[in-house]
Amino acid sequence: MLCRPSPALNTSFVATLLILFVFEHLRGTHNIAVKFSPALMAHSHFLVAGLGNITHPMTRHSIGHHVVDVLASRLGIHLCSDRTGFSAKADMQIGSDAVTVTLYKPKALMNISGRPVVQTLHSTAINPGNLIVVHDSLEHKPCTLSPKFGGSANGHNGIRSVIAALGGEAAFHRLRIGIGRDGDPMNYVLGPLSPHERQFWGPNGSGADLVWRELTRIIEKGLRSR
């Protein structure tokens, strides 16, 4: 399917550009000193990046990809392929605020997925604090969701790659999807999701509701902190 970008521009972004143009004109022609408020310049854009191995779909290690697919389904948008991954953008209303959410699945393998994720961040949400990474977790029981902000990678190579690509910056959100642990971790994470896990994290499953509520909570908190 050929995907084309939406012709509609984010209104808050356009308004910011217009304000910048007017202020620069005033400063240049009338020698008026202008100070910009951080709140004025804030652009409410969040990037949700699901990690996985594109070569191993519907496995435990690729559950981040699956969750992004489910979110796209709920938002009624289609992920389009480009050179580095699959992405889609949607405008959402959170309370009285209009925000833009970009969903993204990198094509790079898990251990080297940081660079494309950060490249996409720089072209969308900009601020690492507006990045939400969805990934598998051996340390949490199957069919559980554990949110985390900042801190170490806890041995997860995908998160380690993102932190490295951010130059050591770890202040971003993670949604850790529990897959449990059984036997050799390398073989286990590449095993298929069970039918119950597929249903739980599917479009109509309880897990999808958990992800949606947590995603909304993170966005609301980010909006309040502007």
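Helix 3 and helix 8 (residues 206–224) pack at an angle of about 80°, with their axes 11 Å apart. Axes here are lines fitted to C-alpha atoms, for helices over the stretch in contact, and angles run from 0 to 180 degrees between N-to-C directions. The two helices, helix 3 and helix 8, are therefore roughly perpendicular to each other; angles of 65 to 115 degrees count as roughly perpendicular, those under 35 as roughly parallel, those over 145 as roughly antiparallel and the rest as oblique. Helix 3 contributes Val67, Val70, Leu71, Arg74 and Leu75 to the contact, and helix 8 contributes Ala208, Asp209, Val211, Trp212 and Leu215, where contact means heavy atoms within 4.5 Å. By class, the residues of this contact of helix 3 with helix 8 divide into eight nonpolar, no polar and two charged. In this scheme Ala, Val, Leu, Ile, Met, Phe, Trp, Tyr, Cys and Pro count as nonpolar, Asp, Glu, Lys and Arg as charged, and the others, Gly among them, as polar.

The model is a predicted one, in which local features need pLDDT of at least 70 and side-chain atom pairs count only at pLDDT 80 or more, while totals for chains, interfaces and linings use all residues. Residues are numbered from 1 along each chain as its sequence is written, and side-chain values use heavy atoms, with hydrogens and water left out.

The secondary structure of the chain comes to eight helices and seven strands. Helices (H or I, at least four residues) and strands (E, at least two) are DSSP runs, numbered from the N terminus. Of the 226 residues of the chain, 46% count as buried, buried meaning under 20% relative accessible area, exposed over 50% and partly exposed in between, with a 1.4 Å probe and protein chains only. Among contacts between residues at least 6 apart in sequence, 68% join residues at least 24 apart.

The seven strands form an open sheet in the order 2-3-4-1-5-7-6, with mixed pairing; two strands pair if DSSP finds at least two bridges between them. Strand 2 (80–81) and strand 6 (145–149) stand at the edges, each with a single partner strand, so one side of each is left without a neighbour in the sheet. Strand 1 (residues 45–50) and strand 4 (residues 97–106) run parallel and are joined by five bridges, and His45 stands opposite Thr100 in strand 4. Strand 6 and strand 7, by contrast, pair in the antiparallel sense over five bridges, and the bridge partner of Ser146 in strand 7 is Arg176. In a regular strand the side chains alternate between the two faces of the sheet. Strand 6 has a covered face, Ser146 and Lys148, and an uncovered one, Leu145, Pro147 and Phe149.

Helix 3 (residues 63–75) also lies across the sheet, over strand 1, strand 3 (85–94), strand 4, strand 5 (131–137) and strand 7 (173–178), and runs at about 140° to strand 4. Val67 belongs to helix 3 and is buried, with a relative accessible area of 4%. Not counting residues up to four places away in sequence, Val67 touches Val134, Ile177 and Val211. Val67 and Ala49 are 18 residues apart in sequence and 9.6 Å apart in space, C-alpha to C-alpha.

The contact of helix 4 with helix 5 has four nonpolar, two polar and one charged residues. The buried residues of helix 4 are Gly114, Pro116, Val117, Val118, Thr120 and Leu121, and they pack against strand 1, strand 4, strand 5 and helix 5.

The loop between helix 4 and strand 5 holds Thr124, which is buried, with a relative accessible area of 10%. Leaving aside neighbours within four places in sequence, Thr124 is in contact with His45, Leu47 and Thr102. Ile126 is placed in the loop between helix 4 and strand 5 and has a positive phi of about 70° although it is not a glycine. Most residues other than glycine have a negative phi. Asn154, in the loop between strand 6 and helix 5, has a positive phi of about 55° although it is not a glycine. At 52% relative accessibility, Asn154 counts as exposed.
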